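Student: I have a structure open and would like to talk through it with you. Could we go step by step?

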Amino acid sequence: MNINDDETIDYVYKVVVIGDSAVGKTQMLSRFTKNEFFFDSKSTIGVEFQTRTLNIQSKVIKAQIWDTAGQERYRAVTSAYYRGALGAMLVYDISKRESFDHVARWVEELRVHADKTIVIALIGNKADLEEKRAVPSEDAMEFAENQGLYFFETSALTGDNVEAAFFKLLEEIYSVVS
Ligand code: GDP
């Protein structure tokens, strides 16, 4: 359920989306906040965050979801980006092994810069590209389990599991902070 009345908001949760360039971070975000997918990507460059207001356990939560806006290309994601973040979506591309190989580095980055209690979801995006799969689900599942992360495979293109992944993360944040 979506609510648009700012007056009724109980909590604002900052969530950061991180991961290698071109894994689909921006598209995940626009799928979740606007239910849109842009074939002409990067139309949102420069936009710092987008929001969606929703209900969790009868509370009104405003999810403020931050996009790196391409900073990760220069390894220049700053600690300001992580400041105050209660959740992180760590995205890789299931068709690009390298993007998964870098996931450990991103977790390290979170451990250094983000709050200790941050809730992290590992997201294997582009699940629609099954015929090009380069990362077995089991590998990611094992990594997630070892690191205490939630794991989802999503497709920003079809919308598959995007909603479920964000809701799970926001529900976990709710249970941590309330
Ligand atoms: P970012 O650099 O991580 O923000 O990645 P973008 O969101 O800009 O997406 C990079 C490219 O991957 C674009 O060409 C998108 O259209 C494409 N893309 C993003 N998500 C998906 C997906 O779920 N499936 C497929 N097939 N392509 C995707």
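Student: Where is the place of A22?
Tutor: A22 sits in the loop between β1 (11-18) and α1. Please keep in mind that this is a predicted model.

Student: And what is the phi of A22?
Tutor: The phi of A22 is near 75 degrees, which is a positive value in a residue other than glycine. Most residues other than glycine have a negative phi.

Student: Does A22 count as buried, exposed or partly exposed, and why?
Tutor: A22 counts as partly exposed, because 16 C-beta neighbours lie inside 10 Å. The exposed class ends at 12 or fewer and the buried class begins at 20 or more.

Student: What about N35, where is it found?
Tutor: N35 is found in the loop between α1 and β2 (49-56). N35 is not a glycine either, and its phi is positive, at about 55 degrees.

Student: Is N35 buried or exposed?
Tutor: N35 counts as exposed, because it has 12 C-beta neighbours inside 10 Å.

Student: Let us turn to the overall layout. How many helices and strands are there in the chain?
Tutor: The chain has six helices and six strands. Read from the N terminus, the elements follow the order β-α-β-β-α-β-α-α-β-α-β-α.

Student: What order do the strands take in the sheet?
Tutor: The six strands form an open sheet in the order β2-β3-β1-β4-β5-β6, and the pairing is mixed. At the edges are β2 and β6 (150-153), each of which pairs on one side only. From one strand to the next, the twist averages 25 degrees.

Student: In which sense do β5 and β6 pair?
Tutor: Strand β5 (residues 119-125) pairs with β6 in the parallel sense, over four bridges. Within that pairing, I123 has F152 in β6 as its bridge partner.

Student: Now the helices. Which strands does α1 lie across?
Tutor: Helix α1 lies across β1, β2, β3 (59-66), β4 (87-93) and β5, and runs at about 45 degrees to β2. Helix α4 (residues 103-113) lies across β1, β4 and β5, running at about 165 degrees to β4.

Student: At what angle do α1 and α6 pack?
Tutor: Helices α1 and α6 (residues 162-177) pack at an angle of about 85 degrees, and their axes are 10 Å apart. The two helices are therefore roughly perpendicular to each other, since that class covers 65 to 115 degrees.

Student: Which residues meet there?
Tutor: From α1, the residues are M28, R31 and F32, and they meet V162, E163 and F166 in α6. By class, this contact comprises four nonpolar residues, no polar ones and two charged ones.

Student: One more topic, the ligand. How many residues surround it?
Tutor: The ligand is surrounded by 16 residues, and the closest are G24, K25, T26, Q27 and L157. Five residues of this shell are nonpolar, seven are polar and four are charged.

Student: Which helix gives the most to that shell?
Tutor: That is α1 (residues 25-34), which gives three residues to the shell around the ligand.

Student: Lastly, how much of the chain counts as buried?
Tutor: Of the 178 residues of the chain, 38% count as buried. As for contacts with a separation of 6 or more, 71% are between residues 24 or more positions apart.

Note on methods
Residues numbered from 1 in each chain as written. Predicted model: local features only at pLDDT ≥ 70, side-chain atom pairs only at ≥ 80, totals over all residues. Near = placed C-beta within 6 Å. Nonpolar A, V, L, I, M, F, W, Y, C, P; charged D, E, K, R; others polar. Contact = placed C-beta atoms within 7 Å. Axes fitted to C-alpha atoms, helices over the stretch in contact; angles between N-to-C directions. Parallel < 35°, antiparallel > 145°, perpendicular 65-115°, else oblique. Pairing = 2+ DSSP bridges.
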